[in-house]
Amino acid sequence: MKNPAKKTITCALLLLCCIANPALASDSTTIIHAGHLLATPGDRLMERQSIVIEGGRITGIHDGFLQATEARVTGNAEIIDLSGHYVLPGLIDAHAHLTVPESYTGLDDYLRDFVAVRAEEAALVGYANAMKLLRAGFTTIRSVGSYSLAVPALRDAINKGILPGPRILTSTSPMSVSGGADDIHGFRPEIMALRTPAGICDGADGCRKTVRLLVKHGADVIKVVTTRWFDPMKLSWLGPEQLSKQPLEFTEQELRVIVDEAHRLGRKVAAHADSAEAIKAALRAGADSIEHGSFPDEEALRLYTEHNAYWVPTLGNYAKPHGTISPTAGDYRARVRADDHIVKMLAEARRMGVKVVTGSDALAYARDQSAIELALLVEVGFTGMEAIVAATVNAAGLLGLADQIGTLETGKAADIVAVDENPLENIEALLDIKFVMRDGDVYRAERVSD
């Protein structure tokens, strides 16, 4: 039987060590003995492999369990024994909202904090959430929407080595039309005059200027919200029937300008779209990914493949068990299984070869349970391998980082996770990550080398 107290103490000590010295793996060579290695998701599982790491990068993968002398390394070599584990690339969460606290219970919390929370507090919340995701195996996170510059500041602090943490990409403020989905309102006009989001724009010239402004503020990706997600009159979430009928809020000309300017500046475009009309308009405009994409028709699915675009379905949005205290993966799976629409649309997307990517979104899961998103893909008909591809290979392609992450190969970042069970046979094994390494630094190491 596991000892929760011992586990908590071990994790706390490990985190303190990370904060004191981010590089837990020494500057010398590290050799991981991987009992079962899924180096390239979509390819075969290999047995008894050694991963050699120097300077945060993989310098070689070899058959058998090498010792330092056999690997021809210089200086000291640390050996990490994962010979009894299943080892795979670090997972990627392509749709997160880092500054949203887990304590949110509904839209009223979200709207209140829009005007009440300081950027400094948002940064602290964002860091806490980022570390939870990292320790859950998500070594790379794309945060697609926050109304302050807290996430770019957090990203930069991690990149500079001031703080340990995951790799972060951010969209800063989402783009929306005046009075649109992310032009948050419902407060007194004088309050809103002080709190207009940076991403609000209208007309081709206004939208082009806003893309430039967001890039100036540090956006790695441009997030554009094409359909409404809440009712500003009733201050409530929209239901499935309402979402399926949401009209496109930007004009197609505005969308084309946004995509054109973003691509000219080297940024990809993530389009929040629920209705088939909005999904198709965003794909025709050249958006790189559709976020949520709740109600596609056959033409929309065809456009994904024609435009080489990605779909981030955020299944937890549909499957969140309301009224259940501490819902389990089984609770989520039962709920998504009961929705014929979700099962049908993902099965058709899989048949047509649409590239699906995992994203947890806000309010869907506790951050340390975000791998449930992979379990939901399996529940709607994907194989365990396909779900892992969605969280690694496909996600890295969407983020434009396929040359750095998503697979374990010579020259790529040493972003590595490990579990006790075979995730290809039991995808829920990824809910119990035992080992996490990001760029050669160890952030979790439970029962390793016991």
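**Exercise 1. The β2–β3 hairpin**

Find which residue takes a positive phi in the hairpin of β2 and β3, and how many residues lie between the strands.

Solution. The hairpin has two residues between its strands, and Gly 55 takes a positive phi near 60°. Strands here are DSSP runs of E with at least two residues, helices are runs of H or I with at least four residues, and both are numbered from the N terminus. The model is predicted, with local features needing pLDDT of at least 70 and side-chain atom pairs counting only at pLDDT 80 or more, while totals for chains, interfaces and linings use all residues. Residues are numbered from 1 along each chain as its sequence is written, and side-chain values use heavy atoms, with hydrogens and water left out.

Step 2 is the pairing, which requires that DSSP finds at least two bridges between two strands. Strand β2 (residues 46–54) and strand β3 (residues 57–63) run antiparallel and are joined by six bridges. Strand β1 (residues 29–37) also runs antiparallel to β2, with seven bridges.

Ile 32 stands opposite Ile 51, and the bridge partner of Ile 51 in β3 is Ile 61.

**Exercise 2. Strand β15**

Solution. Buried means under 20% relative accessible area, exposed means over 50%, and partly exposed is in between (1.4 Å probe, protein chains only).

Next, list the neighbours. Strand β4 (residues 77–89) pairs with β15 in the antiparallel sense over four bridges, and Ala 418 is the bridge partner of Val 87. Strand β16 (residues 435–438) pairs with β15, also antiparallel, over three bridges. There, Val 417 stands opposite Val 436.

**Exercise 3. The two sides of helix α13**

Work out which residues of α13 are buried and which are exposed.

Solution. First check the length. The expected span is 1.5 Å times one less than the number of residues. For the 13 residues of α13 (residues 340–352) this gives 18 Å, and the end C-alpha atoms are 18 Å apart, which agrees.

Second, sort the residues. Ile 342, Met 345, Leu 346 and Ala 349 are buried. They cover an arc of only 95° around the axis, so they lie on the same side of α13; the arc is that of the directions from the helix axis to the C-beta atoms. Asp 340, Lys 344 and Arg 351 are exposed on the other side.

Third, identify the cover. Elements in contact (heavy atoms within 4.5 Å) with the buried residues of α13 include α10 (298–306), α12 (329–337) and α14 (372–379).

Fourth, look at the ends. At the start, a side-chain oxygen of Asp 339 reaches to within 3.0 Å of the backbone nitrogen of His 341. After the helix comes Gly 353, with a positive phi near 80°.

**Exercise 4. An enclosed helix**

Explain why helix α15 (residues 384–391) is described as largely enclosed by the rest of the structure.

Solution. Seven of its eight residues are buried, so α15 is largely enclosed. Among the buried residues are Met 385, Ile 388 and Val 389. What covers them includes β4, β5 (91–96), β14, α14 and α16 (393–399).

**Exercise 5. Thr 140**

State where Thr 140 lies and which side chain makes a polar contact with its side chain.

Solution. Thr 140 lies in strand β6 (residues 138–143). At 0% relative accessibility, Thr 140 counts as buried. Its side chain makes a polar contact with that of Arg 167 (2.8 Å). A polar contact is a pair of N or O atoms within 3.5 Å; within protein, one must be able to donate a hydrogen and the other to accept it, and residues adjacent in sequence count only if both atoms are side-chain atoms. Not counting residues up to four places away in sequence, Thr 140 touches residues including Leu 91, Asp 93, Leu 399 and Asp 415.
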